[in-house]
Amino acid sequence: MTDCPLTFANQHFVARASGALFWPAQDALIVADLHLGKSERMARRGGALLPPYDVIETLARLEGELSATGARRLIALGDSFDDDLAAPALMPALLRLAARCDVTWIAGNHDPQAQGLPGRTLPERQIAGIAFRHIAQDNPDISGHYHPKLMFAGQRVAVFLAGAQHLILPAFGTYTGGLDCSDPVLTALVPQGCAILTGRAARMVPFPLPPRRRARPARRALPI
Amino acid sequence: MPDTHHPAAQLPDRLTGWFAAQGWAPHSHQLAMMATPGDRLLIAPTGGGKTLAGFLPTLAAACGGLGPGLHTLYASPLKALTHDIGRNLARPVADLGLEVRIEDRTGDTGATTRARQRVDPPHILLTTPESLALMLSYSEAPRIFGQLRHVVIDEIHALAESQRGEQLMLGLARLRRLAPGLQVAGLSATVEDPAALAGFMGGAQIIRADPGPAPDIAMLPTTLTPPWSGAGGAYAARDVIDAIAAARLTLVFINTRAQAELFFQALWAVNDANLPIALHHGSLSRDARRKVEGAMAAGDLRAVVATGSLDLGLDWGDVDLVIQIGAPKNVKRLVQRIGRANHRYDAPSRARIVPANRFEVIECVAALQAVAAGELDGDARGAGGLDVLCQHLLLLACAGPLDPVPLFHEIRTAGPYANLSRAAFDDCLDFVATGGYALRAYDRWQRLVQRGGLWHLRDPRAAKAIRMNIGTIVAPELLSVRRGPRGGAPLGQIEESFAASLMPGDTFLIGGQTVRYDRLRDMVVEVTPQPARQPKIAVFNGLKMATSTELSARLLALIGAPDDWGALPDHTREWLVLQSEISVLPCPGTMTCESFARAGRWYFAIYSFAGRNANQTLGLLLTHRMEGAGLDPLGFVATDYALLIWSLEPVRDPAPLLNPEGLREGLGDWLAENAVMKRSFRAVATVAGLLQRNLPGARKSGKQATFSSDILYDTLRKYDPDHLLLRVTRDAAMRGLADFGRVEEMLRTRPEIVHVLPPHVTPFAAPLMLEAGRVPIRASGAARLIEQEAEAMMREAGLQMGNAG
C-alpha cells in the first residue's frame, strides 16, 4: 500500500491508504470512528440483523495497521463504539488491543460515557500543540466525526481532509457511510487544502477539486 | 325440475334479466366460470369479458343478499385497474339495487379508510399484492378474511412473471387457511403454457375462451429499406403516419421509453395533417398519463405511442390497429399486444410490425411464422424466491406467533413454493429469526424468539418498520438532473449507478438532449446542455428485454435454411446471400465466429443468438479470458444476435476461449466482483428485510449513518460465503442480469465451432460495428483510473504532494 506523507501544524504525519494516520515522532497510530458494535446495536433495537462481522473486520484491519507501522500508541478519535453499551461485549478484544499498545479513547457523540475501557478515556487530548478530539473545533486539531467522502473519477472515496487548521480523518469502521466533502460544514472547516484518497493507495489531490481542464483550444487558436 | 348441469341455470333471474337489458348474452366461458366448482383459470383474449366472468359468482350471490364481512377479494397488478373495476362493478350493482359495498385498498388509500377497513371491511375489496400483504400482517387478519368466499386475480399472467406474483401466491396460501373453502378465479391473457400458470395458482381447472378469429398480422410495407443497425424505426415514420391516417385509432408500441420519445418526435415531424397523436410511457408524470388515457377513452385521439405501460388490461376506446415498432423480442408479448386491437371479440385484430434493422427483419418474419403456427414462448418459471419468502415470514410474524409445522405446509400450498424443501424453509425462518449467520451473534437480540414451540416477534415495536419494507419491487436509486448550478431547470432522473460512472466533462442523453456532466452536489446531478456534441456514453441501465430463446432458435433456423428465404424481403435475402459468399451463415448446432482485421484492430464476431443480456455476459467473460491470453481486448458490443469484440491481437482459435469450464470458472470470479452482482444483492437484501428501503427524504438526513449495501456484500463474501442471501443473489443474477443459463445452453446446444477468417468486414458484422452501446474494457481497473486521474490533476494544478498545513 502506498502511503502519503503529510505535514500538519508543523508535524510530519503519514496518511495510510487504510484511513489511519501514523505519527512517527510520537510512534502513534490515529484512527477515527471505529463504530464498533454497530450491527449489535441495530439488532438490540429490533432492527435488521446485519452480518455480525464488522467488529472482527474492523479490529483485524486495525491490528494490521499497528503491525505495519509498529506504532506503540493508539489514539481513537471518538465514536469508537456505536454506543456506550457496545464496549462491555467487546472486552476480550479490547484487552488484547490494550496489551500491545497504549490506547487513548477520545469520547465521541456515540460513546460520550464509555466506562471501564482498558487504557485512557478522555474527552480530548493535547499533544505537541495539536488537539485530538472527536469534532473539529479550535485550531489546530485532528478529528473525525464527519466521515468525509469525495466524488472522484466516478467513485465515492473516503478521504482525509486537511486544511490549515483542521485535519479530519475518514471513518475507519467497516459499517460506516460518509458525508460528501462538498457539504457546507466541511467546506467551512477546510476552505482550502487537500484531500487524501484512501483505498488501494493514499493519493493526495487539491481540495476543493479544480475544475477539470479539457483539451483547450487556446494554444492552437493563437494567430501568428 | 331445473337442469342444474346447464350453466345458465345457475344465474339468478335478476342477473339474466340485467344481461338481456344491456343487449348482452353471457359468453359460454363466463357461464363456465360460474358452473365450475373449485379454483379456475380463465384464458381469454382481450375483450372477452374476463373481469365480468370473474365477478359473476359474486354478483349471483349478491342477488340473494351477502352477509356481513368481506365476501370477495380482487387483486390486480395495477392500482389503475382497481379504480376501473370499481367503476365497472358499480353499474350492475346500482342497476340491480344490490346491497353491496365495494371499496379499493391500495397505496393511495388514506389512513382513516384503511383503519376503518380493518374493523369493518367492505363486501368486495379491490387491492394489489402489496396491500394484501400489509393487511395480512395485522393481528385482525383472521377476522377480516374469515368470511371470504371468492378471490379474483386479474392479469395473473403478468403477475406470474415477477416476484409480486410470488408474494400474492403466498398471501393466497394464508387466505386459504384463514377461509377454508375459498374459491379462486385467475384471469389471464393468452399464454404458452396454461397448465404451468394453473400450477402457479396452486392448481386450477383451466377454462379457455374462444380465441376469436385469427389475427390479421403482417409487416408494414415501408418505402425505405430498414437501416443496418439501430432500434428507433424512424425510417418508417411516414409509412406509420399514413397507416394511422387510414385507421380509426392506432396503438403504436415500441420497446423502450427512450425509443418512444424519439419515435414520437419522428412521427410529429411528418404529421402534416396534424392528426391528434399522443405519447404514453412510465417516465411521464401521472397527470400526463391520465390526460392521455382520458383523451383516448373520449375518442379524441387517432394514435398513442406507448411502451409497456399500456400492456396490461386497461380498456379504452376502439383501437382498430396495433403497430409494433422494432422486433417484438417475444412472441407471447406480440400476441398480447395484437389483442389490444379491436376490442370487439368477434372481429380479427389487425396488427403491423416494423422491424428497426436488418437482423430485426429476420426476427419479425420468424415471429410472424410463430404466430401463424400458434406457438408462444416463455421461460419456464423458476421456483419462488426465498427472499420473498423471508419477507412473507416476517410479515406473518407481525400478525401473530408462527407455528413452523403448519406454516411449512401452508407455504407449500402456494404454487411457486410447492416444492420448497423443509431445509430451505428452515433456512428462511432462521434468517428471519437470527440473521442466519455462521457466527451466532444475536442470541440476545433475535428478531423472532421461540417460546413454547412458537416464534414470536421479540420487539413488537419492530412491526412498524417491517411493514414499511413491504413489496418486491426495488427501484434503483434515482438522482435528479438539473441544468446549471444551484436550482436550474430539472431535466429528469438518472440511476445513481449511472451517475457514479460519469466523470466531469462526460456527455449523455436525457429528455432528448445531450448534456455535459459537471458535478454532483447534494444528490443533484448538475449538467450543461451541449447540443452540438454526440453523447459519448449510452445510458446503460440494467436489464433490457432480450429476444426469447424460442424466437432466437426460429431466427437461427430461418437463417440456416435458404429454402425458406422466400418469406424475407428482397433486401434481406440479398444480404444473407452476400454473407454466405463472403463468410458462412450461422445455422442450428454450430457456433459461427469470424476474425477479421480493420483499421489496425482485430475484430472477433460470434453469432450466438443468445439474447442481449447473455451476450453481454459472454462479452465480459470472453474479454476477461482474452486479457489473460495476451490478446489485449479493447472493447465489445453485444446485441440480441451477436457479440463483437475488438482487440490488438487476433483470436486465432476460439475453442479454448469458449471452453465451458473455463467460462464458468471466470464467471465465479468475475461475477462476484461485478457491479451487476452487487446490484442484485441490494435487491435481494431489501426484499428479504436486511436493508431498510430508502424512504423519500430519509437519505439526506442520515448520511453518516447509512452506508452502502456493497459493504455488507463484501463482508458476507469474506466471512460467510454460504449465507442464504448470497445464495439467492447468485441464483438471481444467473437468471436475470447475467443470464448465464442461456450462455450455457448455447454452448451445449451448439457444440460445433465454425471459425472463419474472411478478408474484410462481413455483411453480418458490418451492422454490429455501427451499434451503439459499446463497452470499453478497463482491464487496469478502477484503482488505476483513480491514480491516473489524481496524477493528471496534480500535474495540471502544478502541485506537489506532501504539504497541506
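Visitor: In this predicted model, how far does helix 3 of chain B reach from its first C-alpha to its last?

Guide: Helix 3 of chain B covers residues 50–63, which gives it 14 residues. At 1.5 Å a residue a span of 20 Å is expected, and the value computed from the model is close to that. From its first C-alpha to its last, the helix reaches 20 Å.

Visitor: At which residue of helix 3 of chain B does the kink lie?

Guide: The helix bends by about 45 degrees. The place to look is shortly before the proline B:P57, and the kink lies at B:L56.

Visitor: How many of the 14 residues of helix 3 of chain B are buried?

Guide: A residue counts as buried if 20 or more other C-beta atoms lie within 10 Å of its own. Among the residues of helix 3 of chain B that pass this test are B:F55, B:L56 and B:P57, so the kink at B:L56 falls on a residue that is itself buried. The helix is largely enclosed by the rest of the structure, because the number of its buried residues is ten.

Visitor: Which residue with a positive phi follows helix 3 of chain B?

Guide: After the end of the helix comes a residue whose phi is near 90 degrees, a positive value. That residue is B:G65.

Visitor: In what order do the strands of the open sheet of seven strands in chain B stand?

Guide: The pairing in this sheet is parallel. Strand 3 (102–105) and strand 7 (205–208) of chain B stand at the edges with a single partner strand each, so one side of each has no neighbour in the sheet. From one strand to the next the twist averages 20 degrees. Read across the sheet, the order is 3-4-2-5-6-1-7.

Visitor: Which residue is the bridge partner of B:R40 in strand 7 of chain B?

Guide: Strand 1 of chain B, residues 40–43, runs parallel to strand 7 of chain B, and four bridges join the two. For B:R40, the partner in strand 7 of chain B is B:Q205.

Visitor: At what angle does helix 4 of chain B run to strand 3 of chain B?

Guide: Helix 4 of chain B, residues 79–95, lies across strand 2 (72–75), strand 3 and strand 4 (124–127) of chain B. Its angle to strand 3 of chain B is about 175 degrees.

Visitor: Which residue of strand 11 of chain B is the bridge partner of B:T250?

Guide: Strand 9 (residues 250–254) and strand 11 (residues 303–306) of chain B pair in the parallel sense, over four bridges. The partner of B:T250 in strand 11 of chain B is B:A303.

Visitor: How many bridges join strand 21 of chain B to strand 22 of chain B?

Guide: These two strands run antiparallel, and they form a hairpin with two residues between them, where B:A599 in the turn has a positive phi of about 50 degrees. One of the pairings sets B:C593 against B:I606 in strand 22 of chain B. The number of bridges joining the two strands is seven.

Visitor: Which residue of strand 24 of chain B stands opposite B:W602?

Guide: Strand 22 of chain B also pairs with strand 24 (residues 643–647) of chain B, in the antiparallel sense and over five bridges. Six of the seven residues of strand 22 are buried, so the strand is largely enclosed by the rest of the structure. Opposite B:W602 stands B:S647.

Visitor: Is A:H147 buried or exposed?

Guide: A:H147 is found in the loop between strand 10 and strand 11 (148–152) of chain A, and its phi is positive, about 50 degrees, although it is not a glycine. It has 27 other C-beta atoms within 10 Å, and a residue with 20 or more is counted as buried. A:H147 is therefore buried.

Key. Residues numbered from 1 in each chain as written. Chains lettered and ligands numbered in written order. Predicted model: local features only at pLDDT ≥ 70, side-chain atom pairs only at ≥ 80, totals over all residues. Buried ≥ 20, exposed ≤ 12 C-beta atoms within 10 Å, placed from the backbone. Pairing = 2+ DSSP bridges. Expected span 1.5 Å × (residues − 1). Bend = angle between axes of the 7 residues up to and from the residue. Axes fitted to C-alpha atoms, helices over the stretch in contact; angles between N-to-C directions. Contact = placed C-beta atoms within 7 Å.
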